Amino acid sequence: MGKAGLFDLENHFAFYGAYHSNPVNILIHTLFVWPIFFTGLALFYFTPTIVDLSQSGIFPSGFNHVLVFNYGFLFAIFYGLFYVILDKKAGSLAALLCLACWVGASLLAANLGYSLSWKVVLAVQLFCWTGQFIGHGVFEKRAPALLDNLVQAFLMAPFFVLLEVLQSVFGYEPYPGFHARVEAKIEAEIKEWKDKKQKMI
């Protein structure tokens, strides 16, 4: 069953889901959230090294000077561990994706160099964020979740879209009854939001 407080996947998913109930908006986020995460890690590649393991031989030859333990690595590990705590199965897959993004982003940033990397990151971020805002404004017709809870929105976005894909394609749910309970919470939250919106008119 679900966990309490910070690790309550049901409440996290319901919060995020209440802002992403339109199929087109969900598709837009599915396509754009992970590229935002990936390019963010690419920019973090240029942060200071926390532990220098370049001479350790941990990684295969040629990778020791590319895969550095910097803030990008900490960022990916934090996200990955948080997702594993939320749900062991889907969270483990999400953690692997986070690690893969760190490796891929590090390789990309190392090859491009800072002067080109930040331009690529900026272009991708602008494109993806614009797409998401269009998704909210045109299709969802509701402001993004980050305007109400910035930390929760940023933390849950990659995991939310992954769970959406797993549920849609494989019928996966963290435990029996999860999606039914979450859908009920989402419907209640959307109803409350619409009622408040109606009163303001």
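**Getting oriented**

Reply: Read along the sequence, the pattern is α-α-β-β-α-α-α-α-α, with 7 helices and 2 strands in the protein. Helices are DSSP runs of H or I with at least four residues, strands are E runs of at least two, and both are numbered from the N terminus. This is a predicted model, where local features need pLDDT of at least 70, side-chain atom pairs count only at pLDDT 80 or more, and totals for chains, interfaces and linings use all residues. Residues are numbered from 1 along each chain as its sequence is written, and side-chain values use heavy atoms, leaving out hydrogens and water.

Me: Why is α3 called roughly perpendicular to α6?

Reply: Helix α3 (residues 71-86) and helix α6 (residues 150-170) pack at about 70°, their axes 11 Å apart. Roughly perpendicular covers 65 to 115 degrees, so α3 counts as roughly perpendicular to α6. The crossing is also right-handed.

Me: What makes the contact of α3 with α6 nonpolar in class?

Reply: Contact means heavy atoms within 4.5 Å. From α3 come F78, Y79, F82, Y83 and L86, and from α6 come F154, L155, M156, P158 and F159. Ala, Val, Leu, Ile, Met, Phe, Trp, Tyr, Cys and Pro count as nonpolar, so the tally is 10 nonpolar, no polar and no charged residues.

Me: What percentage of the protein's residues is buried?

Reply: Buried residues make up 42% of the 201, where buried means under 20% relative accessible area with a 1.4 Å probe, protein chains only.

Conventions: Axes fitted to C-alpha atoms, helices over the stretch in contact; angles between N-to-C directions. Parallel < 35°, antiparallel > 145°, perpendicular 65-115°, else oblique. Left-handed = near helix turned anticlockwise from the far one by under 90°. Buried < 20%, exposed > 50% of the residue type's maximum accessible area, 1.4 Å probe, protein only.
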